[in-house]
Amino acid sequence: MTSETEHPHAGEPVPGSASGRIIISVDAMGGDRGPSAVVSGCAQSVRDNPRVDILLHGDKAVLEPLVARESALAGRLTLVHAEGVVTMHDKPSHVMRHGKDTSMWSAITALKDGTGMAAVSCGNTGALMAVSMLQLRRMEGVNRPAIACLWPSRGRHGFNTMLDVGADVKAEAEDLLAYAIMGVTYFRNGFGEPRPRVGLLNVGTEEHKGRAEIKAAHDLISRHEETGRYEYVGFVEGSDIPSDRVDVIVTDGFTGNVALKTGEGTAKLISDFTRQSLTSGPLAMLGAILARGALKRLSGRIDPRRVNGGVFLGLNGTVVKSHGSADSTGVAAAIGLAAKLAQSGYRGRMAERLVIASKTAQDAGPGNGESA
């Protein structure tokens, strides 16, 4: 382990950051399970990917003993001292004014300065978005950044993408168009799908249903299929989120977050009910033993830790928000996702299409004789 004494970030490149290394900047202090889960997740991630190195931000006095116990981190991790911690109860506005000594701020600063290629945090979502927007700034053509998540599905890739799932509770028609383009670029680079299918989440699939901004977004997204290189399937309902009908589901942050939390809660409920049923008696337990292989595969398929990590899209930098309650497996998954995105070059392609779509949407506005 290398220890840096200056705060909030080290000015020199991370040791081991020669060509071919993937440096992930990680906030160690924000998760519900404490820094031990984050450090364990870092160790798992460097074992899984020999090209990944970690820039870990937090209190040295707390982190150094934890890091010393993980032999996999030797020579693969640099510690950046940051005494402050952003709690789940801190208001974003307070963090923006007084949070420069925190591990979260330090992690994003490293990304801004280029010492890290992507950032990961389990901390306060609102604060993380605020700090990221303040330091990294929005891409041109983006009014509201979005958080994208992966959702297990029946599709051929095994996952769909939904956004926004909590960055902003509201979205205008132009914002939903930007979400479509960002989500498509993210999905295309993640799964190699040349022309992803996009659906706009609504209370029904009929074109006359929905709020005015949803109807306006329907027209915008439909008109920009070629700009965004996607196939627009129209309105989709909640039951379509895990279906094979669509690859990218577009919605506002309020609706998306409710859907996400409902899905997570339902998956846990089914898991708990299944466990109770399979341990309810001798015959049930025997059946569970006989079906152990199939149950293990099912558990792995729906395990939310495998897809832990909401990606902030629309910023000039790659930020992955890990679930606050993530364990080491979840943290490792978030770091793995950050590493994959850091290599993909997706932001450059996204930026180009966002600018084109924003310009054409403005040109087609009410002042130019067309409905937005």
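**Briefing: surface, fold and backbone of a predicted model**

The protein chain exposes about 16600 Å², and carbon and sulfur atoms supply 53% of it (accessible areas by the Shrake-Rupley method with a 1.4 Å probe; for residues, only the protein chains shown count as cover). This is a predicted model, in which local features need pLDDT of at least 70 and side-chain atom pairs pLDDT 80 or more, while totals for chains, interfaces and linings use all residues. Residues are numbered from 1 along each chain as its sequence is written, and side-chain values use heavy atoms, without hydrogens and water.

**Fold**
- The chain has 13 helices and 12 strands (DSSP runs numbered from the N terminus: H or I of at least four residues, E of at least two).
- Of its 372 residues, 49% are buried (under 20% relative accessible area; exposed is over 50%, partly exposed in between; 1.4 Å probe, protein chains only).
- Among contacts with a separation of 6 or more, 73% join residues 24 or more positions apart (contact: heavy atoms within 4.5 Å).

**Loop between S7 and H6**
- Val169 is located in the loop between strand S7 (159–163) and helix H6 (173–191), and is exposed at 56% relative accessible area.
- Asp164 is also in the loop between S7 and H6; a cis peptide bond, with omega about 5°, links Leu163 to Asp164.

- Arg137, in the loop between helix H5 (125–136) and strand S6 (146–152), has a positive phi near 70°.
- Arg229 has a positive phi near 55°; this residue sits in the loop between helix H8 (225–228) and strand S9 (231–236).
- Arg229 is partly exposed, at 33% relative accessibility.
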